[in-house]
Each structure stands twice: as structure tokens, then as C-alpha cells.
Amino acid sequence: MNYFSTRNTTLTRTASQAILQGISEEGGLFVPGTLPKLDLCALQGLDYPHLAAKVLASLLTDYSEDFLLNAASACYGKNFGPGAKTVPVDQGLYALELWHGPTCAFKDYALQLMPRLLVEAKRLNGDKSRTLILVATSGDTGKAALEGYKDLAGITIAVFYPSHGTSETQRLQMATQTGENVQVYAIEGNFDDAQTAVKQVFTDEAFAQSLQQKNCHLTSANSINWGRLAPQIVYYFASYLQLVKEGAFKLGDEVDFCVPTGNFGDILAGWYAKQMGLPVHLLHCASNQNRVLTDFGQTGAYNANRTFYKTASPSMDILISSNLERLLFHKSADASLVTQLMGQLMGKEKCYQLPDGLLKAILQDFTFGCTPEDECFAELSNTWDRCGYLADPHTAVALAVARRRKDSNTPCIVLSTANPYKFSSSVLSALGLSVSASDFANMAALEQATGTCAPAQLKNLKNLAVRFNKIIRPEEILSVARQL
Ligand SMILES: *Cc1c(COP(=O)(O)O)cnc(C)c1O
């Protein structure tokens with residue numbers, strides 16, 4: 001099966017080439033040419049690594065299933081604790097907990113596997129170059145990528161995060177990162193500034209030439225890379241099959257998923273799962289106060305020209321949701337339309353209007369809702385008081401949207417994307433408890449108040465040495481990249 005660019009369908013790549021390249025030369029994203037249909041019955045009873053191998057083998061067709069099984073077994077083993085488990089929260093409402101991995105965020109699912117996919121991609125393509133990975137992160141991606149790529153031979157990774165866009169815990173997770181091949185920089189500005197600057201490095205021709213001379217190859221670990229997206233499809237199947245096994249509903253019954261959304265990667269993985277045969281009715285796209293996608297769902301106008309809010313769910317503080325481009329392409333099958341719309345979004349206008357019919361096609365599979373800050377905190381607190389479920393603010397944004405869905409007869413699975421202890425101070429204030437200046441004191445207070453346990457890898461951060469504390473301007477990213 002081949003992949004092609006959302007902006008040029010004549011540009012085709014194998015799966016491994018798409019993963020090696022990350023983003024296509026004209027700025028488009030790689031998408032699968034066809035989506036395989038999976039037989040749900042045959043997937044029943046598989047453990048997570050075997051399920052991952054089956055799902056991924058159908059998409060990454062130039063990788064062997066043996067390789068995929070070995071890779072999935074190695075990375076989704078004991079460092080994922082109980083794994084992707086789905087727990088009941090309320091009547092017909094479930095949480096798919098994706099934060100039992102090494103960095104306590106769902107991005108571990110993709111970023112523990114992706115480095116292995118990349119190393120194998122180099123082998124498959126006889127690529128002996130050094131790989132340079134540049135990551136723009138709003139917090140969680142950075143740490144998860146650093147953990148996944150640290151000390152891999154032939155790879156250098158640099159992570160750029162907005163200097164005031166992360167929690168203290170998130171910042172420390174990155175600033176204390178170990179590994180000889182890692183670099184971490186804070187960027188003055190917000191996540192979009194960082195992401196836009198990193199994207200420009202990718203399309204800078206002079207830089208591309210200088211890399212070529214050094215036999216160095218540039219790629220990204222952001223969810224614009226297909227290798228990031230594909231592993232996320234697996235847990236939609238896993239969650240559904242777990243609930244079938246437990247008798248929550250029957251094989252073939254439809255469910256909804258509600259996904260706390262930033263870059264539109266996680267929710268798009270759910271849409272791919274639906275195309276591959278998972279009985280999904282609706283995907284509810286949950287935004288925080290940065291409701292650019294909510295307005296898009298109401299009007300068909302994507303308008304990034306707006307106030308940017310810093311919220312308690314920083315990984316969703318995004319105005320340009322890059323993966324929406326893939327959905328626009330799949331729904332329109334029109335690369336020149338996508339090129340035109342993305343040109344408008346990234347140009348002076350910073351906005352575009354969908355042509356007639358395209359929004360309607362999107363609304364067949366998606367709803368769009370948002371949760372302002374006060375409502376997010378109320379949801380977090382009520383869900384703890386009434387259901388005994390402690391959610392982080394990202395998950396609470398989605399829980400509130402899920403509770404507002406029209407058809408409450410269809411079970412709804414909310415993707416729980418971060419461990420609440422990653423955002424202890426916000427969780428404490430949502431619960432009406434006093435917050436201290438130190439995240440570590442807040443972790444302890446949260447343990448005391450709720451009788452739950454903070455994960456060891458977060459508690460231990462205070463014992464680690466800070467290795468990275470540089471703050472740079474977005475326009476300095478290129479010169480930093482030249483020195484890597
Ligand atoms: C990254 C992230 C999200 C948003 O996921 P996207 O794929 O960017 O839509 C939501 N919650 C948490 C905790 C995250 O780290």
C-alpha cells in the first residue's frame with residue numbers, strides 16, 4: 001500500500017519512506033492511499049502487542065509482521081503497567097486510560113514505538129545517514145519523544161517548548177532529560193509560534209542542502225508524522241474489544257469516542273479506526289477555551305486569527321490543528337483544494353472557509369464541542385465527588401463535552417490522556433484545595449486529599465539534575481538546528 005501527500009497525489013511513498021520523511025516536500029502530510037478493513041472477530045482475545053502488530057501490519061505494509069510484533073512487545077510491555085485500560089466513570093461513560101506509560105501521557109503509545117519504526121525504516125531503505133529530529137511541543141510530546149529516542153544510534157533529537165506553556169512538572173520532565181543525543185530549548189512565545197518556526201526549518205532549502213552535505217536527514221516526531229499517528233489507532237480497537245469482552249456491549253454495537261483535542265492527531269486516529277471497521281458512531285472533538293475547532297464545526301470557517309488562551313489543559317492550547325489537513329483531504333479527495341486552504345491558513349489571512357458540502361461530510365462522523373475553564377474545573381470536581389474518578393484537566397474537558405452529547409444511549413468512551421498528577425496544581429484548585437508554588441508539594445497534597453498515588457516517575461523528578469535551561473526566540477530555531 002502506498003502513501004501520498006495531501007497536497008500532491010502523484011507523490012507516492014511506502015509507509016517506511018513516509019515515516020522517514022515526516023512531511024512531504026511541498027508541505028503536505030502523508031496519508032494512506034487506501035484503508036484496509038479489519039475483521040473484528042479475528043482481533044478478539046489478542047493481547048496489546050499482538051493487536052498492535054495486526055493493526056499496524058495492515059497499514060505499514062513494507063514492515064514485516066514479525067518485526068512489528070517484536071517492536072510492540074518490547075515497548076508495550078512492563079513499562080506500561082496495566083496498559084490501555086478502559087474503566088467505567090458514570091452511566092454509559094467510560095475512560096480509556098492512556099497514561100500508564102513512562103511519561104504519564106498518551107503520547108507514549110506512539111512515541112515509544114515510533115523510534116523503532118524509524119530505525120527499521122532506515123534499514124529497509126538502506127539509509128545510513130544521521131537522522132535529525134526536531135519537535136515542537138506544547139509539553140507532553142517533548143518528554144515522550146525524548147524518552148523514546150534517547151541514546152538511539154544515528155539519531156539526534158531537539159525539542160522546543162513554549163517557555164510559559166507547560167506545567168512545572170512538564171518542564172522538569174524535559175529539562176532533566178538524560179541521553180547523549182538530546183537537546184531541549186524553551187521558546188519565547190506560544191506553541192503555535194514554536195510549531196510554525198519548526199515547520200519553516202523543514203521547508204528551508206539552504207538548510208536542506210547543508211544537511212545533505214553532512215549526510216544528515218531531517219524528520220519530525222510531531223503527530224504530522226504518520227509513524228506517530230498509526231500506533232494511536234490501535235488503542236481504539238483495544239478499548240472497544242475490552243468492553244465487549246467485559247459484556248458492556250456486543251461485538252458490532254456502535255460506540256462514541258470523545259477526545260480531548262489539540263493538534264487533531266489523536267481523534268483522527270479514531271476516525272481511521274472507524275474507516276478500518278471499528279463500529280464507531282460519532283467522534284466528539286473536545287476543545288478547551290481555545291475553541292477554534294468548535295467554531296469550525298459550527299461555521300465551516302477555520303479562523304486562527306483570534307486570541308490565544310493559556311489554559312489548565314496546555315496540550316490543547318493550539319490554534320492550528322495540523323492533522324485536520326488529513327481529514328480535509330480524505331473527505332474532499334482534492335489535493336489542490338487542500339493546498340489552497342492550507343495556503344490561506346498559513347498565509348496572511350490565517351483562515352479559510354470550507355466549500356459547500358465539505359463541512360456536512362465532516363459532521364457525518366464528528367461533533368465539535370468546547371469546555372471553558374470554569375466548566376472544566378466543575379467537571380473535574382463533580383466527577384471526583386460523584387463518581388470517584390480523578391481526571392486531569394485535559395480529560396475533564398472531554399468528559400464535559402461527552403456529558404453534553406445528544407444521544408446518551410450510545411456508550412461513550414472518553415480518552416483519558418494524562419495522569420492527573422502531571423497537573424497537580426490545576427487539579428487541586430479544581431477540587432477547591434489550596435495550591436502551593438511547588439508542584440511537588442501539590443502532588444503530596446493531592447495524594448493526601450484523594451487517597452490516590454502519584455506515579456513514581458513524577459515524584460522522583462525533584463531528585464534529578466536540570467540539564468537544559470536555554471530560552472531562545474522562535475527565529476533562532478534555524479541557527480540552533482544548523483549546529484545540531
Ligand atoms: C497531546 C495531548 C492532547 C491532544 O492530542 P492531539 O493529538 O494533539 O489532538 C490531549 N491531551 C493531552 C494530555 C496531550 O498530551
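Tutor: Let's start with Asp-295 and Arg-306, whose side chains meet in a salt bridge at 2.9 Å, N to O; the term means a side-chain nitrogen of Lys or Arg within 4 Å of a carboxyl oxygen of Asp or Glu. This pair links distant parts of the chain, 11 residues apart: Asp-295 is in helix 12 (residues 292-299), while Arg-306 belongs to the loop between strand 12 (301-303) and helix 13 (324-332). Arg-306 is partly exposed, at a relative accessible area of 27%. The cut-offs behind that word: buried is under 20% relative accessible area, exposed is over 50%, and partly exposed is in between, using a 1.4 Å probe and protein chains only.

Before going on, keep in mind that this is a predicted model, where local features need pLDDT of at least 70 and side-chain atom pairs count only at pLDDT 80 or more, whereas totals for chains, interfaces and linings use all residues. Residues are numbered from 1 along each chain as its sequence is written, and side-chain values use heavy atoms, with hydrogens and water left out.

Across the whole structure, a search turns up 18 salt bridges. One of them joins Glu-97 to Lys-85, at 3.9 Å from N to O. Glu-97 is in strand 5 (residues 93-97) and Lys-85 in strand 4 (residues 85-90), so the bridge ties together parts that are 12 residues apart in sequence.

Look at Glu-379 in helix 16 (residues 373-387): at 9% relative accessibility, Glu-379 counts as buried. Leaving out residues up to four places away in sequence, Glu-379 touches Ala-396, Leu-399, Ala-400 and Arg-403, where contact means heavy atoms within 4.5 Å.

Arg-123 counts as exposed at 57% relative accessibility, but Glu-120 counts as buried at 9%.

Glu-120 also takes us into a helix packing. The axes of helix 4 (residues 65-75) and helix 5 (residues 107-124) come within 9 Å and cross at roughly 145°; axes are lines fitted to C-alpha atoms, for helices over the stretch in contact, and angles run from 0 to 180 degrees between N-to-C directions. Helix 4 brings Phe-67, Leu-68, Ala-71, Ala-72, Ala-74 and Cys-75 to the contact, and helix 5 brings Gln-112, Leu-113, Arg-116, Leu-117 and Glu-120. By type, that gives eight nonpolar, one polar and two charged residues; Ala, Val, Leu, Ile, Met, Phe, Trp, Tyr, Cys and Pro count as nonpolar, Asp, Glu, Lys and Arg as charged, and the others, Gly among them, as polar.

From there, follow Leu-68 and Leu-117 to Leu-60: not counting residues up to four places away in sequence, Leu-60 touches both of them, along with Tyr-3, Ala-15, Ile-19, Trp-226 and Ala-230. Leu-60 is, with Phe-237 and Leu-328, among the residues with the most contacts inside the largest nonpolar core, which has 112 residues. Helix 10 (residues 226-245) supplies the largest share of that core, 13 residues. A nonpolar core is a set of buried Ala, Val, Leu, Ile, Met, Phe, Trp, Tyr and Cys residues joined through side-chain atoms within 4.5 Å.

Helix 10 also holds Gly-227, which is buried at 0% relative accessible area. Gly-227 and Leu-60 are 167 residues apart along the chain, with their C-alpha atoms separated by 9.0 Å. Gly-227 touches Ile-19, Met-114 and Leu-117, again leaving out residues up to four places away in sequence.

How values were computed
Helix = DSSP H or I, 4+ residues; strand = E, 2+ residues; numbered from the N terminus.
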